Each structure stands twice: as structure tokens, then as C-alpha cells.
Amino acid sequence: MAIWIFMKGATSAILFYLPHPQGNMAFAGKYEFESDENYDDFVKKIGLPADKIEMGRNCKIVTEVVQNGNDFTWTQHFPGGRTTTNSFTIDKEADMETMGGRKFKATVKMEGGKIVADFPNYRHTAEITGGKLVEISTSSGVVYKRTSKKIA
């Protein structure tokens with residue numbers, strides 16, 4: 001902890017700075033799709049086939065995150081029973097799968113309380129904001145944002 005004291009004339013202020021420890025952001029829980037922005041433009045940009053684009057539009061995905069320190073299991077449950085699971089440890093290379101089913105290796109990072117992963121053709125971040133899971137994927141300037149509300 002750092003303490004900064006600012007003094008000017010007869011007034012003074014004390015500010016406490018508590019850095020956020022890496023990897024301790026609480027992501028654990030179940031989250032249900034609430035809204036998204038720019039879905040069609042993004043999935044076309046990353047090359048998803050038309051049938052998968054249609055299947056994913058306004059899809060009530062349930063994302064389940066199990067977190068044990070820096071170890072994560074990130075599962076997305078799709079209507080109809082399809083499930084995608086990525087397990088990873090912050091700052092260690094892991095086998096991953098894209099939303100289109102493509103397998104690849106990535107090192108997931110924690111940056112300023114956000115989980116950050118570079119997929120083959122997009123960058124994905126996830127954070128908890130106001131108790132909601134906010135995920136942002138960016139590909140060649142096209143930004144897709146998905147917000148999910150906590151259900152458990």
C-alpha cells in the first residue's frame with residue numbers, strides 16, 4: 001500500500017493507493033446472455049460460416065466460469081446441448097477453441113482485472129462490471145460486445 005499526502009495551504013488530503021493484485025478478480029459464476037452489439041459484422045469479419053452465424057444470433061448462451069486462483073475453466077452452453085470448454089491458467093500456454101470450433105494454443109493474461117486472450121483472428125477480453133460479465137472481441141477494427149447477467 002502506498003500513501004500519498006498532498007498539502008496546499010490550510011487544506012490537505014491523504015490518498016490511499018491499493019493496487020489490484022493480478023489474478024484475484026472474481027469471475028466465478030454462471031452468466032446468461034443479456035445483450036450484444038455488432039454481432040453480425042464481427043462474425044462475418046472472423047469468417048464464421050452462415051449456418052453458425054444464424055445459430056449464434058441472439059443465442060441465449062450460458063457461460064459458466066470456475067475459478068481457482070489463476071486456474072480457470074470457461075464453459076459456454078449453447079441451446080440444443082452444444083458446449084465449448086476452455087481451461088487455462090493465467091500466463092501459461094493452453095489448448096483453446098474458437099467460437100467457430102478451431103483449435104489453437106494461447107497464453108491468457110490478466111491485464112488490469114481483465115482476462116485477455118489472443119485468438120487466431122481476434123482479441124478477446126472479459127471483465128466483471130457491475131456484477132455482469134462483459135466480453136469484448138475485436139478483429140480488424142470491428143468490435144463485438146456481449147453482456148451476460150449473473151444467474152448463480
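Helices and strands here are DSSP runs, numbered from the N terminus. The model is predicted.

**The largest pocket**
- The largest pocket holds about 260 Å³ of space.
- It is lined by 18 residues, and the closest to its centre are Tyr 39, Lys 52, Gly 56, Ile 61 and Phe 78.
- At least two lining residues come from each of strand 3 (29-37), helix 1 (39-45), helix 2 (50-56) and strand 13 (142-150).
- Helix 2 gives the largest share of the lining, with three residues.
- Sorted by class, the lining has eleven nonpolar, four charged and three polar residues.

**Aromatic pairs**
- The count of aromatic pairs is eight.
- Tyr 39 and Tyr 144 have ring centres 5.8 Å apart and planes at 65 degrees; planes over 60 degrees apart count as edge-to-face, so this pair is edge-to-face.
- This pair links distant parts of the chain, as Tyr 39 is in helix 1 and Tyr 144 is in strand 13, 105 residues apart.
- Buried means under 20% relative accessible area, so Tyr 39 is buried at 9% and Tyr 144 is buried at 5%.
- The ring centres of Phe 119 and Tyr 122 are 4.7 Å apart and their planes are at 15 degrees; planes under 30 degrees apart count as stacked, so this pair is stacked.
- Phe 119 and Tyr 122 are both buried.
- A cluster linked by ring pairs contains Tyr 39, Phe 42, Phe 104, Phe 119, Tyr 122 and Tyr 144.

**A charge over a ring**
- Arg 82 lies over the face of Phe 78, at 4.3 Å from the ring centre.

Conventions: Residues numbered from 1 in each chain as written. Predicted model: local features only at pLDDT ≥ 70, side-chain atom pairs only at ≥ 80, totals over all residues. Heavy atoms only, no water. 1 Å grid on protein atoms, 1.4 Å probe; cavity = no way out; pocket = protein on both sides within 12 Å on 5 of 7 lines; lining within 4 Å. Points joined across faces, edges and corners; volume = space filled by probe spheres on them. Helix = DSSP H or I, 4+ residues; strand = E, 2+ residues; numbered from the N terminus. Nonpolar A, V, L, I, M, F, W, Y, C, P; charged D, E, K, R; others polar. Phe/Tyr/Trp six-rings, centres within 6.5 Å; stacked < 30°, edge-to-face > 60°. Buried < 20%, exposed > 50% of the residue type's maximum accessible area, 1.4 Å probe, protein only. Lys NZ or Arg CZ within 6 Å of the ring centre and 35° of its normal.
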